[in-house]
Structures are given as C-alpha cells and as structure tokens.
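Dear colleague,

I am passing a structure on to you, and below it I have written out what was found. Please read the notes with the structure open beside them.

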Amino acid sequence: MAIDHLEEALAAASSDPELQVQIHAKLARFNVGFDFARSVEHADAAVLLLDEGREPMLRAHALMDRFFVGAYLGRVPGRDLLERGLALELKALPTSTEAPH
C-alpha cells in the first residue's frame with residue numbers, strides 16, 4: 001500500500017526536513033480515505049515544518065487538508081486554517097504550475 005511505503009520513506013528521511021514536508025503532505029492527503037486522525041497528524045506536521053515563505057502551495061494544501069479533516073472528525077474547524085490556506089493558494093497560483101501532491 002502506498003501509505004506503508006510513504007511511512008517507510010518518512011522514517012528514512014529523518015535528517016531531511018524538506019523531504020519530510022513532502023512526505024507528510026502526501027500522507028495527510030492519502031490518509032483522508034483511511035484514517036482521519038493520522039491525516040490530521042501529518043497535515044499538522046507539514047504545517048509546522050513549513051513557514052509561509054517556503055512552498056506556499058504545499059502549505060496551503062496542508063492547511064486546507066487540516067481544516068477539512070478536522071470537520072470530518074466532527075471537530076469545530078478553525079476557519080482561520082481555511083482562510084490562510086485559500087489566501088496562500090491564491091498567492092502561489094501565479095508562480096506554481098503543479099499541485100503539491
């Protein structure tokens with residue numbers, strides 16, 4: 001399963017924060033259909049590892065994943081997550097040509 005391979009890759013990337021961010025973002029997205037709690041953990045990790053100046057599209061998607069998965073879990077989603085994600089996505093669109101996942 002892709003998730004298992006990504007988890008192995010994450011463990012192997014312990015000394016590479018740039019790669020960790022990419023893997024956490026993918027795991028957040030891939031886990032949405034299987035494990036909401038793990039999806040939230042990976043989205044949170046991706047957001048923590050990224051600042052707003054680095055990879056704004058990836059951060060935008062991690063923030064929005066966090067917002068939607070929180071809602072799926074029945075939590076009151078922080079509207080600021082969605083607003084920040086949408087703002088970053090809009091800002092990144094002119095410079096980004098591909099989706100981060």
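What pattern does the protein chain follow when it is read along the sequence? The pattern is α-α-α-α-α, and the secondary structure comes to five helices and zero strands, where helices (H or I, at least four residues) and strands (E, at least two) are DSSP runs numbered from the N terminus.

Before going further, please keep in mind that this is a predicted model, in which local features need pLDDT of at least 70 and side-chain atom pairs count only at pLDDT 80 or more, while totals for chains, interfaces and linings use all residues. Residues are numbered from 1 along each chain as its sequence is written, and side-chain values use heavy atoms, with hydrogens and water left out.

As for the overall form, the protein chain has a radius of gyration of 13 Å, which agrees with the value near 13 Å that a compact globule of 101 residues would have; this radius is taken over C-alpha atoms, and the globule rule is 2.2 Å times the number of residues to the power 0.38. Along the principal axes, the C-alpha atoms fill a box of roughly 35 × 35 × 20 Å. Of the 101 residues, 38% are buried, meaning under 20% relative accessible area with a 1.4 Å probe, protein chains only.

Leaving aside residues up to four places away in sequence, Leu-82 touches Met-64, Phe-67 and Phe-68, a contact being heavy atoms within 4.5 Å. Leu-82 and Phe-67 are 15 residues apart along the chain, and their C-alpha atoms are separated by 5.9 Å.

How values were computed: Buried < 20%, exposed > 50% of the residue type's maximum accessible area, 1.4 Å probe, protein only.
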